[in-house]
There are 2 protein chains.
Amino acid sequence: MSLSRLSGKISVMEKAKPSLDEVFFPRGVAVVGVSPSGGGSFATGVTLSLKEAGFPAIYPVNPKYTELFGLPCYPSVRSIPGVVDHVVVSIPAESALALLDDCAAKGVKSVHFFTAGFSESGYEDRAELERAMLSKAKAGGFRIIGPNCIGLFVPRSRLVNSMGVPLEPGPVAFISQSGGHAQNLPFYGGQRGLRFSKSVSYGNALDVDECELLEYLLRDPDTEIIGAYIEGVKDGRHFLRVLEEVASHKPVAIYKGGTTEAGLRAAHGHTASLTSSVAVFEALCRQTGTIQVDDADELVDVLVALNFVRPLPQGTGVAVVGAGGGPSVSASDEMEKVGLSVPRLSPEVQSELKKYLPLAGSIFNNPVDTPNLASPEAMLAALRVVGRVPDIHMVVYHMGFHPISRWGGGRFSSADFLKSATDALRQAHEETGTPILLALNPATDLNGINDFLAVQEVFVGAGFPVFHSLRQAARAMARVVAWNQKLGH
Amino acid sequence: MSLSRLSGKISVMEKAKPSLDEVFFPRGVAVVGVSPSGGGSFATGVTLSLKEAGFPAIYPVNPKYTELFGLPCYPSVRSIPGVVDHVVVSIPAESALALLDDCAAKGVKSVHFFTAGFSESGYEDRAELERAMLSKAKAGGFRIIGPNCIGLFVPRSRLVNSMGVPLEPGPVAFISQSGGHAQNLPFYGGQRGLRFSKSVSYGNALDVDECELLEYLLRDPDTEIIGAYIEGVKDGRHFLRVLEEVASHKPVAIYKGGTTEAGLRAAHGHTASLTSSVAVFEALCRQTGTIQVDDADELVDVLVALNFVRPLPQGTGVAVVGAGGGPSVSASDEMEKVGLSVPRLSPEVQSELKKYLPLAGSIFNNPVDTPNLASPEAMLAALRVVGRVPDIHMVVYHMGFHPISRWGGGRFSSADFLKSATDALRQAHEETGTPILLALNPATDLNGINDFLAVQEVFVGAGFPVFHSLRQAARAMARVVAWNQKLGH
């Protein structure tokens, strides 16, 4: 199934701006504020990340050095001999205006300020400084990303801002007012199989803002699914119009930071955001068909669901399969609390299950709990049986990596077991046409995490949606099913 | 502060039973159903765990062998030459009655059935079998734990049922109808510093049930704090009376499994529990001053809070301190959502903070977000300032182990940093008298988990309460503060 069913004619938006392509696909990047001792600094991290990613033209800028990290280092942006389209800045705010003159002289296309301490500080002179920066950018014909953010991650152009993120391009775009979320989401999403067209951290949104980014992503052929972390918007009416248009063509999931009084205050101090009330934001999501989520983990979960659950379930019925009475009870509670259903299996279906599963220590009526499911044969048999039940719209298979699950002697992470298990999951999925989701519960000890990572890698590699708890699977699927049903698919 | 302030005269309960001491402190243990090939079996796991824990008299029973795992193996319980007080059973349900005759002949004090497939299977003949087992136990003068559970963990008597759990005794008791929770809670609680008097998995509660266990724990001098996972109770009125008495002397936190229709059904299939409605259970917790939690993780969190937060906060005011704008916004939202407050710091306090913290990239008005808090000096200064503010009742210091937090080059897990940080936390705690909680956000990658575990070990070792996210800290503290305020402390 492709999410392109959402596609259709894109209506003309007001005051279409020049494309951000020039921002996302720079030919050369200057990094201002790199120093050899800055092992933990952003500028150094970006320089090394760009090198590792194989970005072709990286220019460190620092008047004190002629070479840094094996690269020629320049005293200023304008002294760089090659083409510089994008400039990454990590120098004190006080030097921002002089730097922008330097950038204008060089004819750059965009300047990203990691530097913070602008309007979000609450000082009027810092807000004024921001306005002066914007004037210089407009006069100089270039764009500003930020300030107070970690900027751009564009796998297709090898423009990266950290290590450990997936360099293979993919259909997910993420925009974020928080630098932390902008870095963590591609990292953790990447572990769970998400691949990105762009991830943009835009901080104070002085110039490029959420509306312009969303409009771009709507038209971006590389982007199919959109996630966002937003603390506040400048123009609520405009945002509503943009979101309405974008969400009617591509699925959009938003985590709104600052939903309480203290949260709003923190958001103002973080990115100078003037946010509207939660109720207004919720109404806006409902009206536009946007999926609203409650935190950063849930945003990853919903993106994973949109990207990997095939077909998207047409109803709320869940079969829960896996080992453990406690988890089975919890699973039922978690599913029903968020509005999914765990339909009782008919006596006929239960009899069928009993052919394959042992009586002792098992539950058959849904959840299906059996100690023997670690055997791929029993797993396949159970998944086949429940996947064919008409009021089951999705199957969640859960595995714990807690000590109790390791009585099996680490069998979970053995290559043979994982191959058979993957084959079983694939076969059951193909034969029944019912989506299979995996809830892998990571432990917080070294043995557990090693097993967990090995299993996750294989299942993600096989194209299955992986969640980190039954609760997380439940919450994400409740959101996606509600969204899907509302769209009338 | 000691929780003994809850102590007082314990009123006489009806039909006081003989103490369970004989069950918890056996002189010899037989394990029935061990086999050399059973690498993943419960009986083998228990035998090896007892050996590793140094339990003095372990007797494997299997007529096919004369020695197993370096221990003499016996054909039956009655053929064991030494004293056998406790018997662990993992053989098919069909052999249960014959085994109990064997146990009666030997004069044992208690029999724990790991074996499942009894009343919880839904078959009448299996329920009848259970009743026959109970008759045999009563006639034989011994007790039954379970069936369908993992039994007893009593560090003081070295009676263990798994590996990796803390063998040092401590003040926390846990009773659980789920074997999974009974094994995971001591393991994960142990990592976070909890030490146990007893952890009892009692499954179908055929003989020893939640009421008897709670009555025992009330009088148990080794137990100060009680946690429970309960799916259902047999006699609601009796349970109410017992809980009222117990909870008025020692703090009790309960996770009720089966709070939805599907969850109730699963609970019935899991431990044959006939559970009452959620509303009834909630009312019962309110009435008795019991802390009710929503899941197994939250149960650990509340036990950690009860065990380590000193003093228990007298109000809801939280200061949140740590690095990251996104986390600061989320923290504020999470705290206020659950009923805690994040009071704005006065201009005077903010000015004081600005002496120690940089302007750029910081938020001062609470949460206190600053990129430099990884420096122990700045950390101490900030904790001192906020800890002295009158409407701040607790300080939550948060650290992420996400990739972005590792720009510092793994500094978090260096021994020097950790020592200075621990000293700073201790000093701030002593000087201000305000409790300090740590929210350490584990990553799900190997580098992150390694850093996380190193940091957790040091802070736990220093006696600080450690939570695994700001949300978890918020939820647990909201519960504990409400409980504490209700008790009028």
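Mentor: We'll take the contact between the chains, then some strands.

Trainee: What should I know before I start?
Mentor: This is a predicted model: local features need pLDDT of at least 70, side-chain atom pairs count only at pLDDT 80 or more, and totals for chains, interfaces and linings use all residues. Residues are numbered from 1 along each chain as its sequence is written, chains are lettered from A and ligands numbered from 1 in the order written, and side-chain values use heavy atoms, leaving out hydrogens and water.

Trainee: OK. How many residues of chain A are in contact with chain B?
Mentor: 79 residues of chain A touch 79 residues of chain B. Contact means heavy atoms within 4.5 Å.

Trainee: And what area is buried between them?
Mentor: About 5,600 Å², with carbon and sulfur atoms giving 57% of it. Buried area is the accessible area (1.4 Å probe) that two parts lose on being put together, summed over both.

Trainee: How many salt bridges between chain A and chain B?
Mentor: Two. A salt bridge needs a side-chain nitrogen of Lys or Arg within 4 Å of a carboxyl oxygen of Asp or Glu. One pairs B:Arg471 with A:Asp295, where the closest N and O atoms are 2.8 Å apart.

Trainee: Which elements of chain A supply the side that touches chain B?
Mentor: Those giving at least two residues each include α5 (179-191), α8 (261-271) and α16 (470-486). The largest share comes from α11(A), with 10 residues. Helices (H or I, at least four residues) and strands (E, at least two) are DSSP runs, numbered from the N terminus.

Trainee: Switching topic. Is β10 of chain A mostly covered or mostly open?
Mentor: Mostly covered. Six of the six residues in β10(A), 196-201, are buried. Buried means under 20% relative accessible area (1.4 Å probe, protein chains only).

Trainee: Which strands does β10(A) pair with?
Mentor: β8 (151-153) of chain A pairs with β10(A) in the antiparallel sense, over three bridges. There, A:Phe153 has A:Ser199 as its bridge partner. β9 (169-176) of chain A pairs with β10(A) in the parallel sense, over six bridges. A:Ser176 stands opposite A:Ser201. Two strands pair if DSSP finds at least two bridges between them.

Trainee: What about the open sheet: what is its strand order?
Mentor: β15-β14-β16-β17-β18 in chain A, five strands with parallel pairing. The edge strands are β15 (368-369) and β18 (466-467), each pairing on one side only.

Trainee: How many bridges join β14 to β16 in chain A?
Mentor: Five, and the two strands run parallel. A:Val318 stands opposite A:Met394 in β16(A).

How values were computed. Buried means under 20% relative accessible area, exposed over 50%, partly exposed in between (1.4 Å probe, protein chains only).
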